[in-house]
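Hi,

Here is the structure I promised to pass on.

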Amino acid sequence: MSILEIKNITKTYPSFKLDDVSFSIEGGSICGFIGRNGAGKTTTLKGIMGLIHLDSGEIHVFGHNMLENESENRQDISFSLSELNYFTEVKIGKLTEVTKRFYKNWNNETYLKICEKFGLDQNKKIKELSSGMKVKYGLAVALSHKAKLLIFDEPTSGLDPVSRDEILEIFKSVVKDGKRSILFSTHITSDLEKCADHIVYIRQGKIVKIDTKDGFIDSYKVVTGTTAELEKIENYLVSYKVEGLNFEGLVKKENVSKLPSSLKTSTPALDTIMVYEDNEGEEIKDEEFDF
């Protein structure tokens, strides 16, 4: 059974549409939700949690319709936006005293142990926490009420590399027992290469691709060659860029066999895939700025 199943959700705004989005998450996995800023990641996450009214579609959590069992389902879900910017003058211990009243499975002993492990001082005010410590606080709350699905919106944004690595290692530990899953949106694709099991890629409100992390990366190849060779293969490329007499482009793996053997191919990084996919069918040109 899927822990989370999203079926054909749609939300229309004057200048943006979340268009027929569907994907699911199994137990014990970390799912990275990727796409450029404005692609629809946060809108999707807010839709899951009922923070916005969706035009259509269904969301099932633990096999139950989210809207029909919202109160019960929320006991097993933890949701955290990119920054903890509310009640900034309140000490985290006081904020927790209020928060824990909403969860019937709250374990205060667990909470205090996790806070000690994370170095969270109960007397610190929210505004005194670093970005990394705010993420850790969200994790401490989630794990203390035994959440089975943890949803984060850009949790590592603004963190230094050391803090990001620390958070990602915690994520991996959280799902290790196979009972919990994490869905987190990010545009820092290098984080996903370190911890994600699955990738969901959204572009302009539509899901472009869903796969395991390794399968996602393996389904593309970077190809390089001369501009003379480019003319013969341009139709096979997702997109490309030209530098002098040479080019680099992205090709789907099934089309590699159709390319001349003289071209060089290599495995792309996730951010490379995003750059080329976001410019599908077009040449990527460097912008010129007149300063």
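A quick word on naming before anything else: helices (H or I, at least four residues) and strands (E, at least two) are DSSP runs, numbered from the N terminus. Please keep in mind that this is a predicted model, where local features need pLDDT of at least 70 and side-chain atom pairs count only at pLDDT 80 or more, while totals for chains, interfaces and linings use all residues. Residues are numbered from 1 along each chain as its sequence is written, and side-chain values use heavy atoms, with hydrogens and water left out.

**The overall picture**

The secondary structure comes to ten helices and 14 strands. Along its principal axes, the C-alpha trace spans about 70 × 40 × 40 Å. Of the 291 residues, 47% count as buried; buried means under 20% relative accessible area, exposed over 50%, and partly exposed in between, using a 1.4 Å probe and protein chains only. A contact here means heavy atoms within 4.5 Å. Among contacts between residues at least 6 apart in sequence, 68% join residues at least 24 apart.

**The cores**

I use "nonpolar core" for a set of buried Ala, Val, Leu, Ile, Met, Phe, Trp, Tyr and Cys residues joined through side-chain atoms within 4.5 Å. The largest one has 48 residues, and those touching the most other members are L120, L139, L150, F171, I182, F184 and F216. Helix α5 (residues 131–144) is the top contributor to this core, giving eight residues. There is also a second, separate core of 27 residues, with I9, A39, L45 and V61 among them.

L45 from the second core sits in helix α1 (residues 41–48), where six of the eight residues are buried. Those buried residues are K41, T43, T44, L45, G47 and I48. Just after α1, G50 takes a positive phi of about 75°.

**Helix α5 and its two partners**

How do the neighbours of α5 lie against it? Helix α4 (residues 108–118) packs on α5 at an angle of about 155°, with the axes 9 Å apart. (Axes are lines fitted to C-alpha atoms, for helices over the stretch in contact, and angles run from 0 to 180 degrees between N-to-C directions.) α4 and α5 are therefore roughly antiparallel; angles under 35 degrees count as roughly parallel, over 145 as roughly antiparallel, 65 to 115 as roughly perpendicular and the rest as oblique. The crossing of α4 and α5 is right-handed. A crossing is left-handed if the near helix is turned anticlockwise from the far one by less than a right angle, and right-handed if clockwise.

On the α4 side, the contact uses T110, Y111, I114, C115 and F118, and on the α5 side M133, K136, Y137, L139, A140, L143 and S144. That makes nine nonpolar, two polar and one charged residues. For these classes, Ala, Val, Leu, Ile, Met, Phe, Trp, Tyr, Cys and Pro count as nonpolar, Asp, Glu, Lys and Arg as charged, and the others, Gly among them, as polar.

With helix α6 (residues 161–174), the axis of α5 comes within 11 Å and crosses at roughly 10°, so α5 and α6 are roughly parallel. This crossing is left-handed. G132, V135, K136, L139 and L143 of α5 meet E166, I167, I170, F171 and V174 of α6, a set of seven nonpolar, one polar and two charged residues.

**Some loops to look at**

- F62, in the loop between β4 (56–61) and β5 (64–65), has a positive phi of about 55° although it is not a glycine. F62 is buried, with a relative accessible area of 16%.
- K146, in the loop between α5 and β7 (149–153), also is not a glycine and has a positive phi of about 60°. K146 counts as exposed at 52% relative accessibility.
- N235 lies in the loop between α9 (227–233) and β12 (237–243) and is exposed, at 79% relative accessible area.
- K100 is in the loop between α3 (92–99) and α4. K100 touches W106 and N108, not counting residues up to four places away in sequence.

Cheers
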